Amino acid sequence: MPQIIISVLVISGIGALLAVLLELADRFIADYGECNILINKQKELKVQGGSPLLFSLQDEGIFIPSACGGKGTCAYCKVKVLDGGGPVLPTETPYLSAEELEKNVRLSCQVKVRNDLSIEIPEELFLIREFKVKVDRIEDLTDYIKGVTLEIVEQDEGITYKPGQYIQLEIPKYKLSSGPEFRAFSMSSIPEHQKIELFIGLVEKGIVSTYVHDFLKEGEKLVMRGPFGDFYYRESDRDILLVATGTGLAPILAILRHMKKEKIQRKATLFFGTWTEEDLYCVEELRSLEKELPAFTYVPTLSRVPDNSSWKGARGRVTDLIEKQILEGADLDVYICGGPEMVDSCLGLLKKKGIALEQIYFDKFS
Amino acid sequence: MDPINPLTLFFAAIFTNNILLTNFLGLCPFLSMSGQKKSAFGMGAAVVFVMASTTALNNLVHYKILVPLGLEHFRYIVFIVVIAAFVQLVEMTVERFFPSLYFSLGIFLPLITVNCAIFGASLFMVIRKYDFVQSLAYGAGSGIGWMLAIISISAIREKLQKTAKLPRGLEGPAITLIITGLLALAFLAFSGMIRVQ
């Protein structure tokens with residue numbers, strides 16, 4: 001019995017002694033004080049020194065992609081460290097090309113914050129945030145689509161995004177869901193609008209869309225994250241073809257609103273497809289855009305309109321319009337947004353017509 | 001048997017009883033860090049330092065604490081904890097006060113906390129009943145032996161990368177293991193020259 005007590009005491013004692021030593025070392029030796037991290041030469045963060053850059057940024061809500069969790073094996077967490085990073089470590093060199101070394105690219109999980117740093121990260125990562133929003137207005141655009149306007153509360157800087165990007169909207173738990181749920185929605189607003197506008201279509205048995213259509217009230221508070229996505233307006237002097245169906249109009253409208261604001265005079269054509277005349281929305285705004293942007297044409301097309309109706313516009317699907325109106329080998333920038341089947345058939349068709357694939361941007365809603 | 005002279009033991013640990021090439025301990029960092037001579041040197045130097053200090057330290061812990069209290073059977077857990085804590089302390093100190101040394105050697109320290117060669121050296125020290133000075137000599141010798149092996153292999157690997165056209169299946173760890181085997185055979189020529197226990 002005494003032997004057992006002695007063993008336990010001695011072994012615990014050794015453990016405790018080492019723990020105390022390490023704790024003291026951590027307190028006094030590894031204390032680097034407060035360090036400043038300057039990001040993209042515009043934002044400064046104050047962090048406690050001593051941890052890897054990856055984790056310091058994470059604590060401040062900036063999420064650099066990392067798959068291995070900071071072990072230095074996945075090489076996803078590359079950032080540019082312009083100043084204060086010290087020499088490149090042998091644990092990093094296997095993952096960095098000569099070109100990256102030249103540009104001061106480092107693995108953020110291996111660079112420790114020991115002094116003030118100046119770093120550069122892709123703007124998208126820098127901008128993604130969580131925002132508290134208040135529902136400002138809900139309006140019926142069609143029987144199945146609601147326009148929801150959100151106002152950002154409790155965030156000084158507001159959201160910075162490119163026209164056409166999307167956000168993730170989170171809704172609280174309600175009777176159809178087992179917990180908070182979030183879905184991606186493209187913004188039809190542009191940054192200058194201050195408020196965020198979304199078009200939310202009713203999806204059969206869709207948890208989030210059902211909530212928005214049946215339960216969401218004006219004044220309700222929600223959480224959203226963003227901006228995300230690489231579907232946004234690109235500068236060039238080529239003509240533009242815009243293709244949308246259903247709520248896919250949202251990012252396309254954002255692009256058009258941006259063109260109006262910037263007075264961009266590129267020739268632009270919008271093919272917008274729905275079933276019937278009742279499913280068309282934002283028609284007034286699109287028609288007035290035609291006047292404000294003289295080089296813009298709005299072409300709605302209906303696929304389920306009876307032969308004897310008074311509809312004078314185009315009939316059929318958006319793909320029929322592409323088939324008929326787009327010339328082989330045309331030099332176009334194409335933006336497509338809508339359901340996956342529509343996007344895929346448009347892509348196939350455009351490829352067949354010899355449109356350069358790198359000039360086609362698309363966003364599939366699924 | 002007379003106790004072995006520490007100096008003899010030191011050289012024996014480097015050549016005739018090379019811990020990597022005769023006991024095949026510490027293969028994991030050996031395979032991963034032997035691609036470049038520069039990193040092989042850093043890793044090797046870190047192993048020399050840690051192995052020499054922890055073998056000596058564990059010798060003290062074993063004969064001053066564990067043996068008098070009859071707790072030798074706890075040596076596994078105690079050695080591991082001592083090694084881990086020691087390496088961490090050294091890493092913190094070097095990182096804070098000797099930044100240039102940290103960038104060349106220090107970053108390898110965490111990698112060898114769990115290196116079986118380090119732990120193996122401490123266990124051999126107990127099995128072979130070395131005293132403090134012998135332990136220090138044995139630890140340092142084993143570390144230098146390990147360093148010698150990884151530097152030789154990295155030199156061969158660097159040369160291979162430039163000149164040899166290897167079949168794909170043999171690239172990387174495969175050819176490294178084969179070369180290590182050949183090198184171990186060469187070191188076998190030293191065996192029997194000195195008896196270490």
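Strand β12 (residues 239-245) of chain A is largely enclosed by the rest of the structure, because six of its seven residues are buried (20 or more other C-beta atoms within 10 Å of a residue's own, with C-beta atoms placed from the backbone). The model is a predicted one, in which local features need pLDDT of at least 70 and side-chain atom pairs count only at pLDDT 80 or more, whereas totals for chains, interfaces and linings use all residues. Residues are numbered from 1 along each chain as its sequence is written, and chains are lettered from A and ligands numbered from 1 in the order in which they are written.

Strands here are DSSP runs of E with at least two residues, and helices are runs of H or I with at least four, numbered from the N terminus; two strands pair if DSSP finds at least two bridges between them.

| Strands | Bridges | Direction |
|---|---|---|
| β12(A) and β16(A) (residues 332-338) | six bridges | parallel |
| β12(A) and β13(A) (residues 268-274) | six bridges | parallel |
| β3(A) (residues 78-83) and β5(A) (residues 117-120) | three bridges | antiparallel |

Ala244(A) has Cys337(A) as its bridge partner in β16(A), while Leu242(A) is partnered by Leu270(A) in β13(A). In β5(A), Ser118(A) is the residue opposite Asp83(A).

In chain A, five strands form an open sheet with mixed pairing, in the order β2-β1-β5-β3-β4. Its edge strands, β2 (43-48) and β4 (105-107) of chain A, each pair on one side only.

Between the chains, 18 residues of chain A are in contact with 18 residues of chain B (C-beta atoms, placed from the backbone, within 7 Å).

How values were computed. Two residues are in contact if their C-beta atoms, placed from the backbone, lie within 7 Å. A residue is buried if 20 or more other C-beta atoms lie within 10 Å of its own, exposed if 12 or fewer, and partly exposed in between; C-beta atoms are placed from the backbone.
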